[in-house]
Amino acid sequence: MTEKRIIKTIKVDPDKCIGCRACELACSAFHAKPRYSSANPARSRIRVVFDELNDIYFPIRSVAYTPAECAGRHAYVLQGKEYPECAFCGNICPSRDYFYEPDSKLPLKCDMCESTPELEEPVCVAVCRVDALTYEVREEEVAAGEEGPDELEIGLEALADEYGLDKVLDAVARIAGKE
Ligand code: SF4
Ligand code: SF4
């Protein structure tokens, strides 16, 4: 069984990226509560791998939470530029401090700026003045019923990894008792 899904893509052209980090600020501001009340790259779901000396600027978006580091690392050399290990990986993993909300330690997964009313394009794309990020939407046939874990599930898993499941369950029970 297949069904039609809307596939949203942000294309990245690292050769155009100038490392201005406007995308980081825009993402964090859009997701601040209340919206646009603060701008802090540490809370962004897009981060720019930055190496000015070697002319390397590579924006990566957070994709999926993974509680453990992978056993092997990828390193790429493209057009003479040696990118740092994991530079192209969008996983939210313990090998770096990207994509964790600094206070709660919850993973910050890119949601393509879902909102109502829907945006014409995600805010990171909208603020990128050099078209290092471009947005595409298309329809595709995909296998039916293949939903990934939702944000709540991912967040609870991360909290359980950080503090232990018993503490998380105790906290939930306490909160529920206050209501
Ligand atoms: S806004 Fe565009 S040019 Fe600036 S860092 Fe982000 S991707 Fe690079
Ligand atoms: S699409 Fe939206 S949520 Fe995802 S990285 Fe860009 S600004 Fe952040």
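**Close-up views of a predicted model**

**View 1. Cys 27 and its neighbours.** Cys 27 touches Ser 44, Arg 45, Ile 46, Val 123 and Cys 124, leaving aside residues up to four places away in sequence. Here two residues touch, or are in contact, if their C-beta atoms, placed from the backbone, lie within 7 Å. This is a predicted model, in which local features need pLDDT of at least 70, side-chain atom pairs count only at pLDDT 80 or more, and totals for chains, interfaces and linings use all residues. Residues are numbered from 1 along each chain as its sequence is written, while chains are lettered from A and ligands numbered from 1 in the order in which they are written.

**View 2. The largest nonpolar core.** This core has 18 residues, and Cys 23, Cys 27 and Cys 124 have the most contacts inside it. Two or more residues come from each of α1 (22-31), β2 (46-51), β3 (56-61) and α2 (123-127). Helix α1 gives the most, with four residues. A second, separate core has eight residues, among them Tyr 65, Tyr 98, Phe 99 and Leu 108. A nonpolar core is a set of buried Ala, Val, Leu, Ile, Met, Phe, Trp, Tyr and Cys residues joined through C-beta atoms within 7 Å. A residue is buried if 20 or more other C-beta atoms lie within 10 Å of its own, exposed if 12 or fewer, and partly exposed in between, with C-beta atoms placed from the backbone. Helices (H or I, at least four residues) and strands (E, at least two) are DSSP runs, numbered from the N terminus.

**View 3. The shell around ligand 1.** Ligand 1 is surrounded by 15 residues, of which Cys 17, Cys 20, Cys 23, Cys 128 and Ala 132 are the closest. A residue belongs here if its C-beta atom, placed from the backbone, lies within 6 Å of the ligand. Both α1 and β3 supply at least two residues of this shell. By class, the shell around ligand 1 has 13 nonpolar residues, one polar and one charged. Ala, Val, Leu, Ile, Met, Phe, Trp, Tyr, Cys and Pro count as nonpolar, Asp, Glu, Lys and Arg as charged, and the others, Gly among them, as polar.

**View 4. The shell around ligand 2.** Look for Cys 27 again, this time among the residues that surround ligand 2, which also include Phe 30, Arg 45, Asp 111 and Cys 124. At least two residues of this shell come from each of α1 and α2. The shell around ligand 2 has nine nonpolar, no polar and three charged residues.

**View 5. Arg 21 in its loop.** Arg 21 sits in the loop between β1 and α1. It counts as partly exposed because it has 17 C-beta neighbours inside 10 Å. Arg 21 touches Pro 41 and Val 48, not counting residues up to four places away in sequence.

View 6. Strands β1 (residues 2-12) and β6 run antiparallel and are joined by eleven bridges; strands pair if DSSP finds at least two bridges between them. Val 12 stands opposite Leu 133 in β6. Strand β6 (residues 133-143) is hardly covered, with one buried residue among its eleven. Helix α4 lies largely in the open, because zero of its 14 residues are buried.
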